[in-house]
Amino acid sequence: MKFLKSTQSKLLLCTSVLFLSFSSMADVAVVVNSTNADIIDDNDIARIFMGKMKAFPSGGSIEPINSVSGSAVRSEFEEKVLNKSSSQMKAYWSKLIFSGRGKPPTELASDAEVLKHISANAGAIGYVDAGSVDESVKVLKTF
């Protein structure tokens with residue numbers, strides 16, 4: 001009987017770890033306004049969200065939109081696209097803000113708010129969970 005409880009506990013623990021690992025590996029879709037015809041690559045996307053690229057190749061100004069700090073999609077985006085942890089990004093922006101050399105992207109609280117803002121603003125670019133994408137925006141890339 002004791003063996004069964006131990007086995008059940010291990011199985012439950014393994015299942016929980018697998019679930020948490022799988023749920024943290026959701027795809028992130030980088031999206032822009034559906035009228036945006038610019039072609040940008042992975043490096044450009046990273047530069048936009050690091051405050052280093054301020055205009056699209058066509059000349060239009062860029063408004064990067066972040067998901068709220070601490071959200072799963074933001075952590076995934078920072079890890080997969082920027083190759084940084086959330087704490088590294090927080091330190092990066094703190095340094096730029098303190099020195100007066102940068103302003104972090106606007107934060108919105110949910111995927112729905114990000115999609116709504118981007119669909120209403122031609123220069124906006126953001127990211128959402130790939131499962132949240134709808135026809136109101138154009139997907140540039142999925143990570």
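Mentor: S34 is placed in the loop between β1 and α2. Helices (H or I, at least four residues) and strands (E, at least two) are DSSP runs, numbered from the N terminus. This is a predicted model, in which local features need pLDDT of at least 70 and side-chain atom pairs count only at pLDDT 80 or more, while totals for chains, interfaces and linings use all residues. Residues are numbered from 1 along each chain as its sequence is written, and side-chain values use heavy atoms, with hydrogens and water left out.

Trainee: What does S34 touch, leaving out residues up to four places away in sequence?

Mentor: S34 touches S136, V137 and K138; contact means heavy atoms within 4.5 Å. S34 and E135 are 101 residues apart in sequence, with their C-alpha atoms 8.3 Å apart in space.

Trainee: Is S34 buried, partly exposed or exposed?

Mentor: S34 is partly exposed, because its relative accessible area is 45%. Buried means under 20% relative accessible area, exposed over 50%, and partly exposed in between (1.4 Å probe, protein chains only).

Trainee: On to helix α2. Which of its residues are buried?

Mentor: In α2, residues 42-49, the buried ones are D44, I45, A46, I48 and F49. They pack against β1 (28-33), β2 (63-67), α3 (72-80), α4 (86-99), β4 (124-129) and β5 (137-142).

Trainee: What caps the N-terminal end of α2, and what follows the helix?

Mentor: D41 is the cap, with a side-chain oxygen 3.1 Å from the backbone nitrogen of N43. G51 follows α2 and has a positive phi, near 75 degrees.

Trainee: How many salt bridges are found in the whole structure?

Mentor: The search finds five. A salt bridge is a side-chain nitrogen of Lys or Arg within 4 Å of a carboxyl oxygen of Asp or Glu.

Trainee: Which residue pairs with D44?

Mentor: D44 forms a salt bridge with R47, at 3.7 Å from N to O. Both lie in α2, three residues apart, about one turn of the helix. D44 counts as buried because its relative accessibility is 15%, whereas R47 is partly exposed at 32%.

Trainee: And what about E76 and K80 in α3?

Mentor: Their side chains meet in a salt bridge of 3.4 Å, N to O. E76 and K80 are four residues apart in helix α3, so about one helical turn separates them. Salt bridges that share partners also join R74, E78 and E107 into one network.

Trainee: How far apart are the closest N and O atoms of R74 and E78?

Mentor: They are 3.0 Å apart. R74 is buried at 10% relative accessibility, and E78 is buried at 3%.

Technical notes
A polar contact is a pair of N or O atoms within 3.5 Å; within protein, one must be able to donate a hydrogen and the other to accept it, and residues adjacent in sequence count only if both atoms are side-chain atoms.
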